[in-house]
Amino acid sequence: MGMHLQGKVAAVTGAASGIGLATAAAMVAAGARVVMVDRDEQLLAKACEQLGEAAIPLVIDLLVPDACATLMPGILAVAGQLDILHANAGCYVGGEFVENDVAAIDRMLNLNINAVVRNVHDVLPHMIDRGQGDIVVTGSVAGHFPVPWEPVYSASKWAVNGFVQTVRRQVKHHGIRVGAVSPGPVSSALLADWPEENLRKAKESGSLIEPDDIADAVMYMLTRPRNVTIRDMIVLPSAFDM
């Protein structure tokens, strides 16, 4: 892709694995310094070692409000500026709603919605002051289609989609682009929480894509001319039936 992000500083949440790691790697390859945010210190250290000195670890548990509030100060302390935020951290609860654990539901809603809202809120003043910036949020096809086997997860991603599209309209005049990448099923740790039968069918039908496929989509969004905003990109496995 070339060094299209040379001189830029990006921050990626949930960066130690899956889509976050793939996106961080693509950004580093494009010349950016990337602050990799994750709560798993050991996995994060391993990921940063893999990507080299342009990858900067920042250990934060976004589910802890006081820790979540350290995101922007932490980024500035280790990198001095922020040009790109990929708000990617999230988790999954699926299956029969009446069988879902309430504590797991609360955790997912807090991470998928509240942490994203707080992260975007906290980075925007810096971007507004600089008159530029890009924010990409990891949504889901479940935020566009009511997936029957994941009612709470779908609700969280519908909320994210509404948030992205409204904030985008508020900050577009500040030189800030806001968009969402909305994957279908991705081969990642989130699938461990899929209903077993759904996962089996997806594997058998080839209805999965890889984290690198989503990273490619994010990089496409980030490298458009500044007068072009990709407000939402839905990325599906070709064999996925939805």
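This is a predicted model: local features need pLDDT of at least 70, side-chain atom pairs count only at pLDDT 80 or more; totals for chains, interfaces and linings use all residues.
One pairing can be followed in detail. Strand β1 covers residues 9-13 and strand β2 covers residues 33-38; the two pair in the parallel sense over five bridges. Within β2, Val37 is the residue that stands opposite Thr13.

## Helices on the sheet

## Contact of α5 with α6

Helix α5 spans residues 102-130 and packs with α6 at an angle of about 10 degrees. The axes of α5 and α6 are 9 Å apart. Angles under 35 degrees count as roughly parallel, and α5 and α6 are therefore roughly parallel to each other.

On the α5 side, the contact includes Ile105, Met108, Leu109, Val116 and Val120. Among the residues they meet on the α6 side are Val152, Tyr153, Lys157, Val160 and Phe163. By class, the residues of the contact of α5 with α6 divide into 15 nonpolar, two polar and one charged.

## Contact of α4 with α5

Helix α5 also packs with α4, here at an angle of about 50 degrees and with the axes 9 Å apart. At this angle, α4 and α5 are therefore oblique to each other. Leu71, Met72 and Leu76 of α4 make the contact with Asn119, Asp122, Val123 and His126 of α5. The residues of the contact of α4 with α5 comprise four nonpolar, two polar and one charged.

## The cavity

The structure holds one cavity of 30 Å³ or more. About 60 Å³ of space lies in the largest cavity.

The lining of the largest cavity consists of Asp134, Ile135, Val136, Arg177, Val178, Gly179, Met221, Leu222, Val228, Thr229 and Ile230. At least two residues of the lining come from each of β5, β6 and α8 (211-222). By class, seven residues of the lining are nonpolar, two are polar and two are charged.

Technical notes: Residues are numbered from 1 along each chain as its sequence is written. Side-chain values use heavy atoms; hydrogens and water are left out. Two strands pair if DSSP finds at least two bridges between them. Helices (H or I, at least four residues) and strands (E, at least two) are DSSP runs, numbered from the N terminus. On a 1 Å grid over the protein atoms alone, a cavity is a set of points where a 1.4 Å probe fits but cannot get out, and a pocket is an open set with protein on both sides within 12 Å along at least five of seven lines; lining residues have an atom within 4 Å of a point. Grid points are joined across faces, edges and corners, and a volume is the space filled by probe spheres set on the points. Ala, Val, Leu, Ile, Met, Phe, Trp, Tyr, Cys and Pro count as nonpolar, Asp, Glu, Lys and Arg as charged, and the others, Gly among them, as polar. Axes are lines fitted to C-alpha atoms, for helices over the stretch in contact, and angles run from 0 to 180 degrees between N-to-C directions. Angles under 35 degrees count as roughly parallel, over 145 as roughly antiparallel, 65 to 115 as roughly perpendicular and the rest as oblique. Contact means heavy atoms within 4.5 Å.
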